[in-house]
There are 2 protein chains.
Amino acid sequence: MYESGLVDAVMIATPHYDHPPEARKAFAAGLHVLIEKPAGVYTKQVRQMNEAAAASGRKFGIVYNQRMNPLYVKLRELIASGELGEIRRTNWIITNWYRSQAYYDSGSWRATWAGEGGGVLINQCPHQLDLWQWTIGMMPSRIRAFCHFGKHRDIEVEDDVTAYVEYPNGATGVFVTTTGEAPGTNRFEVSGDRGKIVVENGNMQFWRLRESEREFNKRNHVPFAAPECWKVELPPFGRSPEHVGIMQNFTDAIRHGTPLVAPGEEGIRGLSISNAMHLSTWLDDWVDLPFDEDLYERELNRRIAGSRHSKRAELQSAAPVDLSGTH
Amino acid sequence: MYESGLVDAVMIATPHYDHPPEARKAFAAGLHVLIEKPAGVYTKQVRQMNEAAAASGRKFGIVYNQRMNPLYVKLRELIASGELGEIRRTNWIITNWYRSQAYYDSGSWRATWAGEGGGVLINQCPHQLDLWQWTIGMMPSRIRAFCHFGKHRDIEVEDDVTAYVEYPNGATGVFVTTTGEAPGTNRFEVSGDRGKIVVENGNMQFWRLRESEREFNKRNHVPFAAPECWKVELPPFGRSPEHVGIMQNFTDAIRHGTPLVAPGEEGIRGLSISNAMHLSTWLDDWVDLPFDEDLYERELNRRIAGSRHSKRAELQSAAPVDLSGTH
């Protein structure tokens, strides 16, 4: 198909491991590419894909449809424009990914190192891992993560994660996720020098300081005083165009040169955080970003070698699954 | 006064370091003792105080007035009675302790190793550190903490903390606190095998699964199904009697043998968590509980030796401070 001359662009929605090699084939054939998330399973293969994309000069997008969500668009815009001041702390509790054993048993490739290359971080969380850095415009500089593998379910990969991060400016953050809890939480809190924003239950709450905390602290002489804080009501948010929006934006980029909302090259960011969380757990130590990609690949390969998943098992698993509840 | 024969009981509200030695003097004189929080600065001195209390046979209480708060009383009761099932995760964001530099400058003993023996953990958080374990009925088994010392203010001690904990049953938890943010958050989330409770803004939100997640998972065969979840409205909560309640309970214990809501011996629990958070940061490593108390004391003493606070400085700081906003 790539070489048929009948298509200008492809959307790659294969299993995770195959995103980078398929994309590279498509770029080699001069096609534009839109890949599903995650960009790949390990950053080394994704870096090679990014290089192929750059060399091809074709459009390269990733289906980060949550970047179309007006809540996160507004959060990013408020932060980029300085309304929240310098970022001090992020905290994302994203535990509403309930998956029963029946879900994991529905495909032998699921939740295996050989089949998926990870668990809740690689399958359920790519959107949040992307938004976590995209909204604040900052990647962590180091990570100390605590992944639990097969804690709630009979699986090989992580189904429960708590991670602590530090950013280059001294800010700190926490990311908590699991597929084992019901009912979960989806709450993203960001605090800065000028206030705090909480995105939860499809709403945004915004508290804004009248002056920056730093300025207040400098001039204040009253021991228990605090800066004046406003609870701000924002105008109503519209609906999120989600996948339709991403597809339209990709088409517009090809046809009219419109900037991509989710350039494919940025898929490596969330994946770097995800890989670093695995690596920190495996090493039981800090991981600085950027991390040693060869080391990650070696550690992953050790787990793939011991994985219960094999090609034979994959062929046996042919039962169709209702995917209507997934993303 | 202890030996005067004129008093039956004393309340000790001295600086933190002096709680244990003063309590021991009072017990030696045969008095009942109610101490302010924290129980002391390091667990070794608190353990000695607890032994003196036990040997004296007198009543020993601690001013954990938040144990009188009907929200936390109800949380504890719901968990103890099994309504939430086995605990899976705790998450407390307690960052609404805004303190400006003017606060820290109001007393030279404040926020010093020699004067206070710690920062936000020892001064602002003792209630939450106690409630964190009291409500769920479980102490962490190990802690990995990330304290930042003098991050937001010109002080020696911690003013910004993120800690990850693991419990004996495999549950995990996060505790985040700071005095540097405005407006902060006070949100305590607990999830269990039977649902989730969030205490925030003086309210409790309670989601209860109709059957335990474990039982559901065992019998379920539908990949994307989840257990039926009820949002439960609890009857209104009354006001918290706080300090008045603690004082009355202490008096009732002496006069009528009423069980203490906050036995003094339990002060060591929250302090153990606090000490372990310091120690984990200083060692940049895990700390198992119970930890090496002599090691903690040695590490603390090194910091006291280098502390900017001295007795001379204390004498110079005589300016009265309006404490109406504190606890």
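Biologist: Is A:Glu297 buried or exposed?

Modeller: This is a predicted model, and A:Glu297 has a relative accessible area of 18% in it. The class of buried applies under 20%. A:Glu297 is therefore buried.

Biologist: With which residue does A:Glu297 meet in a salt bridge?

Modeller: Side chains of opposite charge can pair when their charged atoms come close. The N to O distance for the partner of A:Glu297 is 3.0 Å, and a salt bridge requires a separation within 4 Å. The partner is A:Lys44.

Biologist: How many residues apart in sequence are the parts that this pair ties together?

Modeller: A:Glu297 belongs to helix α10 (residues 293–305) of chain A, whereas A:Lys44 belongs to helix α2 (residues 43–56) of chain A. The pair therefore ties together parts whose separation in sequence, in residues, is 253.

Biologist: Which residue forms a salt bridge with A:Arg308?

Modeller: The closest N and O atoms of this pair are 3.8 Å apart. A:Arg308 is in the loop between α10 and α11 (311–316) of chain A, and its partner is in the loop between β5 (142–149) and β6 (158–166) of chain A, 152 residues apart.

Biologist: In which helix do B:Lys25 and B:Glu22 both lie?

Modeller: B:Lys25 and B:Glu22 form a salt bridge, with their closest N and O atoms 3.2 Å apart. The two are three residues apart, about one turn of the helix. B:Lys25 counts as partly exposed at 44% relative accessibility, while B:Glu22 counts as buried at 19%. Both lie in chain B, in helix α1.

Biologist: What is the order of the strands in the open sheet of chain A?

Modeller: The sheet has three strands with parallel pairing. Its edge strands, each pairing on one side only, are β1 (9–12) and β3 (60–62) of chain A. Strand β2 (residues 32–35) and β3 of chain A pair over three bridges. The order is β1-β2-β3.

Biologist: Which helix packs on the sheet?

Modeller: The twist of the sheet averages 15° from one strand to the next. The helix in question touches β1, β2 and β3 of chain A, and its direction makes about 165° with that of β2. It spans residues 242–256 of chain A and is helix α8.

Biologist: How many disulfides does the structure hold over all chains?

Modeller: A disulfide is a covalent bond between the sulfur atoms of two cysteines. A:Cys147 is in none, and its nearest cysteine sulfur, that of A:Cys125, is 10 Å away. A disulfide requires sulfur atoms within 2.5 Å. The number of disulfides is zero.

Terms used:
Residues numbered from 1 in each chain as written. Chains lettered and ligands numbered in written order. Predicted model: local features only at pLDDT ≥ 70, side-chain atom pairs only at ≥ 80, totals over all residues. Heavy atoms only, no water. Pairing = 2+ DSSP bridges. Helix = DSSP H or I, 4+ residues; strand = E, 2+ residues; numbered from the N terminus. Axes fitted to C-alpha atoms, helices over the stretch in contact; angles between N-to-C directions. Contact = heavy atoms within 4.5 Å. Salt bridge = Lys/Arg side-chain N within 4 Å of Asp/Glu carboxyl O. Buried < 20%, exposed > 50% of the residue type's maximum accessible area, 1.4 Å probe, protein only.
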